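We will go from stop to stop, selecting as we go.

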Amino acid sequence: MGLRAFVTGATGFVGGNLVRELHHQGWSTTALVRHDSSDQDIRDVPVDFVEGDIVDADSVRRAIPRGVDAVFHTAASTNVWSGNNDAQDRVNIGGTRDVIEAAVAAGAKRLIYTSSFTTWGFQHTTLTEQSPRTDESDWINYVRTKYIAETLVREAVKLGRIDAVILNPAHILGPGDRNNWSKMMVLVQQRKLPGVPSGGGAFADVREVAKAHVKAFHKGERGERYLLGGEDVSFLDVIRISGEILGRPVPRKPTPAWLLQTMARLNVMLAGVTGRPPVITPESAVMITHNILCDSSRAQRELDYQFTPIRKLIKDTIVWMKSAGLLE
């Protein structure tokens with residue numbers, strides 16, 4: 001009998017690629033999915049879908065197969081608007097607690113938790129797993145909640161309740177991207193990109209991130225974190241390369257940070273009137289104007305983690321977007 005996995009967030013960007021990789025490596029997978037989730041990107045992958053929600057502890061407990069080999073917890077709220085902070089707390093903190101408790105109750109052999117490289121806070125030097133953390137970015141609820149969720153996982157390991165590994169991907173690109181950098185590429189294609197943020201950082205290939213999740217089950221050190229980065233580039237370069245591949249003109253200079261922050265404040269004020277989520281928020285304005293570099297050498301050594309050159313990664317993303325009908 002082969003290995004069995006339980007996956008949260010299977011219809012998402014990372015989760016969908018993970019489910020595909022698990023199938024490729026011969027695993028059988030049970031996926032927890034909300035009733036309103038779309039499985040359009042993994043319909044060709046044999047998966048046992050179970051309806052539930054990580055904020056519903058009973059549904060998670062019922063869904064996890066007893067004695068499952070690995071629980072891969074990829075589901076999360078990436079919200080960057082304070083108006084949705086309470087809901088984000090329930091998903092990222094409460095949901096992680098629910099998954100831990102259900103995994104313990106089911107006797108899961110190992111938990112792999114998908115975190116983020118932002119949980120160290122915004123640093124001015126290259127991140128390593130040993131970098132000291134700063135809490136100056138905790139006013140951004142995404143950063144705060146993902147860090148607290150990490151803490152819950154590490155505490156469960158320390159107490160001997162479960163064996164777990166934490167993965168911290170950087171910016172992620174690749175096939176299956178419907179809601180992240182793909183949105184900017186759609187604007188490039190439509191010649192509607194208003195500007196380019198001044199930040200940058202490491203870009204990870206979602207397919208390699210998925211492989212690292214499986215390797216983490218087999219080879220990751222108990223209770224440890226692994227940074228999953230990639231080629232370090234500016235956002236301006238990402239847009240420039242995207243424009244070249246799509247045959248579209250793009251801005252030659254980044255939008256000043258002060259202008260993005262002003263736009264963010266105005267957007268939040270407008271949201272207070274319309275009730276609609278702002279296009280850009282003070283949180284997102286700060287996140288996209290930082291340059292976050294990270295050292296992935298530990299993951300490369302211990303998890304056989306690989307980089308994909310940024311031009312190939314962008315091209316692969318665009319090819320997939322065209323096949324999915326996201327680009328004309």
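In which helix is the place of Arg-265? Select Arg-265 and look: its place is in helix H8, residues 257-274. Bear in mind that this is a predicted model.

**Stop 1**

Keep Arg-265 selected and show its surface. Draw a distance between the two C-alpha atoms. Arg-265 and Val-214 lie 41 Å apart in space. In sequence, 51 residues separate Arg-265 from Val-214.

**Stop 2: the whole chain**

Zoom out and switch to cartoon. The chain has 11 helices and 11 strands. Its C-alpha trace spans about 55 × 40 × 35 Å along the principal axes. How does the radius of gyration of the chain sit against that of a compact globule? A compact globule of 328 residues would come near 20 Å, and the chain has 19 Å, which agrees.

Colour by accessibility next. Of the 328 residues, 54% are buried.

**Stop 3: Thr-30, inside a strand**

Select Thr-30. It lies in strand E2, residues 28-33. Is Thr-30 buried or exposed? Its relative accessibility is 10%, so Thr-30 counts as buried; the cut-off for buried is under 20%.

Show what surrounds Thr-30. Leaving aside residues up to four places away in sequence, Thr-30 touches Ala-5, Phe-6 and Val-7, then Asp-48 and Val-50, and also Ala-63 and Pro-65.

**Stop 4: H7 against H11**

Select residues 235-246 for helix H7 and residues 310-323 for helix H11. Their axes are 10 Å apart, and the helices pack at an angle of about 55°. H7 and H11 are therefore oblique to each other. Their crossing is right-handed.

Which residues make the contact? Show side chains. From H7 come Val-238, Arg-240, Ile-241, Ser-242, Glu-244, Ile-245 and Leu-246. From H11 come Ile-310, Arg-311, Ile-314, Lys-315, Ile-318 and Lys-322. Colour them by class: seven are nonpolar, one is polar and five are charged.

**Stop 5: H5 against H11**

Pick out the contact residues. Ser-182, Met-185 and Val-186 of H5 meet Ile-314, Thr-317, Ile-318 and Met-321 of H11. By class, this contact has five nonpolar residues, two polar ones and no charged ones. Ile-314 and Ile-318 of H11 also take part in the contact with H7.

**Stop 6: two residues with positive phi**

Select Arg-191, in the loop between H5 and strand E8 (200-205). Its phi is near 60°, a positive value in a residue other than glycine. At 56% relative accessibility, Arg-191 counts as exposed.

Finish with Asp-304. Where is it found? Look in the loop between helix H10 (297-302) and H11. Phi of Asp-304 is near 55°, again positive in a residue other than glycine. Asp-304 has 34% relative accessibility, so it counts as partly exposed.

Terms used: Residues are numbered from 1 along each chain as its sequence is written. This is a predicted model: local features need pLDDT of at least 70, side-chain atom pairs count only at pLDDT 80 or more; totals for chains, interfaces and linings use all residues. Side-chain values use heavy atoms; hydrogens and water are left out. Axes are lines fitted to C-alpha atoms, for helices over the stretch in contact, and angles run from 0 to 180 degrees between N-to-C directions. Helices (H or I, at least four residues) and strands (E, at least two) are DSSP runs, numbered from the N terminus. Angles under 35 degrees count as roughly parallel, over 145 as roughly antiparallel, 65 to 115 as roughly perpendicular and the rest as oblique. A crossing is left-handed if the near helix is turned anticlockwise from the far one by less than a right angle, and right-handed if clockwise. Contact means heavy atoms within 4.5 Å. Ala, Val, Leu, Ile, Met, Phe, Trp, Tyr, Cys and Pro count as nonpolar, Asp, Glu, Lys and Arg as charged, and the others, Gly among them, as polar. The radius of gyration is taken over C-alpha atoms; the globule rule is 2.2 Å times the number of residues to the power 0.38. Buried means under 20% relative accessible area, exposed over 50%, partly exposed in between (1.4 Å probe, protein chains only).
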